[in-house]
Amino acid sequence: MMALLKNAVLLFVGFQCVAIILTENESNILRLSKPGLTRSISSETPSYNSSKDFTETADVVVDRKPLVGFAKNNPELDWKKYLTIAEKDVKIDRDLDLDFMEEKLAKTANSIQWLSDLYDPLKWKKIPGKLSENCRSDMDMFLHSLRNGSLWAAKMSDASGRYSSQFHFGNDFWLGSSTLCRELDNADREMKSPGQPEDSPPYPVQFHVARMYLTLPTDLASSTRQIFLGLCLPGSCKRVSVTSMLRATADRVEREGNLTHSSAGPKIHIAKVKSVPANDYSPWLDPKVHILSGVAGVILLLMILATAYEYNDTRGRESDVESSASGNNNENISTYPDKNFLDERRISIIQDTGKELIEKTEMEREGAGEQGKKETKLEKGFWVKCLMAFNPIANGGKIISTEPAASDSLTCLHGLRVFSLGWVVMVHTYLQVFSIAENKMLRTVTERNFMFQTISNATFSVDTFFFISGLLVTVLYYRSLGSVKTDKNHFFKSSSLKFLVMILYRFIRLTPAYLFALGVNEVVIRHVQARTVFFPAIMDHLTCEKYWWRNALYLNSLYPRTEMCMLWSWYMANDTQFYVLGIFLLLLSVKYFKFVAVSVIFLIVSSWFTTFSVAYQNDYVARIQEPFALFDELYDKPWLRAGPYLIGTITGYILFKTDCGLRTPLYAKVIGWLLSASVMFAVVYGLYPGSITVTLSSVYASLGHTAWAVAVAFIVVQCCTGSAPVVDSLLSLRLMYPLSRLTYCAYLVHPVIMVITTAQMDGPIHLHNGIVLIVYFGNLVASYLLSFCISIALEAPVVNLLKIAFIPKKRSR
């Protein structure tokens, strides 16, 4: 088996070497920006599911050569799908009276002039468009006051957005400031002294954001661009009136360009106009908030009662301090023997006797005799133990504890989990900043950097999580068997019972925190959609309400991305699906080991061929600029991620059979370290500097994730067997223990924190790598803090309750 794995690694390294040689020297985004790569824009809208960027109408012939267009099902291109939907909406009647500006309609090929004329009320001699009577009256007053130099009108105009600069370098946010527009309504008119200029409008104002799509002539730009225009207008102007006004200005710009460029002039589509806030949604009136608040309130009350009981119980036993201390120490040991084996270490493997068979620490084994008798005397009642499961002091102490791990714990996995989560948060932070940056050209510059592949290829961090899960489940299962003989006469009956109990145990342990985070996410997105000046493509307030049960059953990764709630939760779905498969194979391995071994190899190989086939049929091209291409077909699907999990199970079996005592000769270690380092470097940095062919991309997709897991497996084996003390000491730092226990909840909540942060802004951010770094650390720290709160309130109490429910009273030994 090891020989087969080594051959697979060598094969993959060979493919990567060929891929690096065949890569092109030009950035794919730079190629997209060059004229001549695309044809003139057609009136027919291509399908969103085509393999080309339909806004460019890049009619590139698919001949298995490097493609220019972007791949399909890329979440970052959702706005282009929205364009096709918006174009089907009922169009506002156009006002063809375009003589509303001071200047006469004339020829101009200057794109900067077109952008300036999209909204510039200082050049208007009358209000354009078909407006409601009240809106036109208030707008006439605004325009008259603006031309006469009134301060309040100048402030309204100043709070609105307009073209400033850098549009051709990626600046499509002309948002002005919704906060300052709102301040005009808050100005205190009664505090004005006589003769002081009036700086507040005579009527309420309302901030609107218009989302427009602008297609310039192909000799100026080869793709359609978005423009987000913020407008501080009279409150009497509703969406229809604002849309008509902007449509009139857009018609004039199109006419100016068409006079010069004939039919190839600029085309402008007013996709949507929304007010900010978009509606009167209040979280405090949402029934879901009431439910979440009720759950949080009950848990908080239980935590307070548990703390009070612990305090009174401790005071009541002050006369027997030594006995009390012994009892508390024993309780800490018995409830936390597995704390250093990561969250998956808490999986309770239950045999027919119902006894918990997760291994104990050496200290517990030594003190099992007399301490067991004392614990029996001090045994609390069932309901008291259930209450104490919510004790925040005890639970918090277990989470932040840095006590030395048991001698048989695989402590290097702590560091792997922490570093992997940090990697995930980093790539999500870059995507967060990219989506609201005004200087998007810097993204292109950043993606040209060789080291940016560290960010764009962060998907391999998730493979590390899958590898760890497979390893821990395997090691724990075989260790739990111990010297207990298998009843082969009733093998299927006993195995079926174990299977159901273990699945139920995991489901109950993970789901409460998961569903609570899901509920919070839905409320947050609903609030964000109502208040933000941006147009987030997230639709969780709709999908979570309709499809939450898919998340609860861990099936959401099997459905289209457009129907998924909490897009990042695909990981939990895949991990649970792999867990079910892994437990099934482990139970069979007790009696049919050879069959299971062959099945594991078959599953790994079949996942390679399935991934290759799907990638090749969909013309997949691996590129730095598209880390989430083919999301529905590949990215979140089990057949792409099965390899790392199964490699983890193989590694776990090897560690168990050798009792972490595997010894390799020096030459094997040197070759192993060189190969693992080469593989990890190749899969992460092998896409620079350009795109590769469909065939090589398909090979990269099919073998890359498994190859990464094999490289990680070698490092883990070396650390666990004592062959890499320096690396093991780094990954096993006791400071990692608390962070490792919080990774599950931190993964759940970190995108929610990013959405909340973005929603508070009323304008774009100026992209810079230093700024991204600061935002990243803020996201990471905030995620861990919120994760700690959820862990002591939900995750830890559920684990304690499961131990009470699944593990009977200890018998004297």
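Reply: The side chain of Thr 411 makes a polar contact, at 2.9 Å, with the side chain of Ser 732. This is a predicted model, in which local features need pLDDT of at least 70, side-chain atom pairs count only at pLDDT 80 or more, and totals for chains, interfaces and linings use all residues. Residues are numbered from 1 along each chain as its sequence is written, and side-chain values use heavy atoms, with hydrogens and water left out.

Me: What makes the Thr 411 and Ser 732 pair a polar contact?

Reply: A polar contact is a pair of N or O atoms within 3.5 Å; within protein, one must be able to donate a hydrogen and the other to accept it, and residues adjacent in sequence count only if both atoms are side-chain atoms. The pair sits at 2.9 Å, so the distance passes the 3.5 Å limit.

Me: Why is Thr 411 called buried?

Reply: Buried means under 20% relative accessible area, exposed over 50%, and partly exposed in between (1.4 Å probe, protein chains only). Thr 411 has 13% relative accessibility, so it counts as buried. Its place is the loop between helix 14 (392–400) and helix 15 (412–435); helices are DSSP runs of H or I with at least four residues, strands are E runs of at least two, and both are numbered from the N terminus.

Me: Which residues does Thr 411 touch, leaving out those up to four places away in sequence?

Reply: Ala 405, Asp 728, Leu 731, Ser 732 and Tyr 737, where contact means heavy atoms within 4.5 Å.

Me: And what makes Glu 633 buried?

Reply: Its relative accessible area is 17%, so Glu 633 is buried. Glu 633 is in helix 23 (residues 631–635), and its C-alpha atom is 7.0 Å from that of Val 614, 19 residues apart along the chain.

Me: What covers the buried residues of helix 20?

Reply: The cover includes helix 19 (491–531). Among the buried residues of helix 20 are Cys 544, Tyr 547 and Arg 550.
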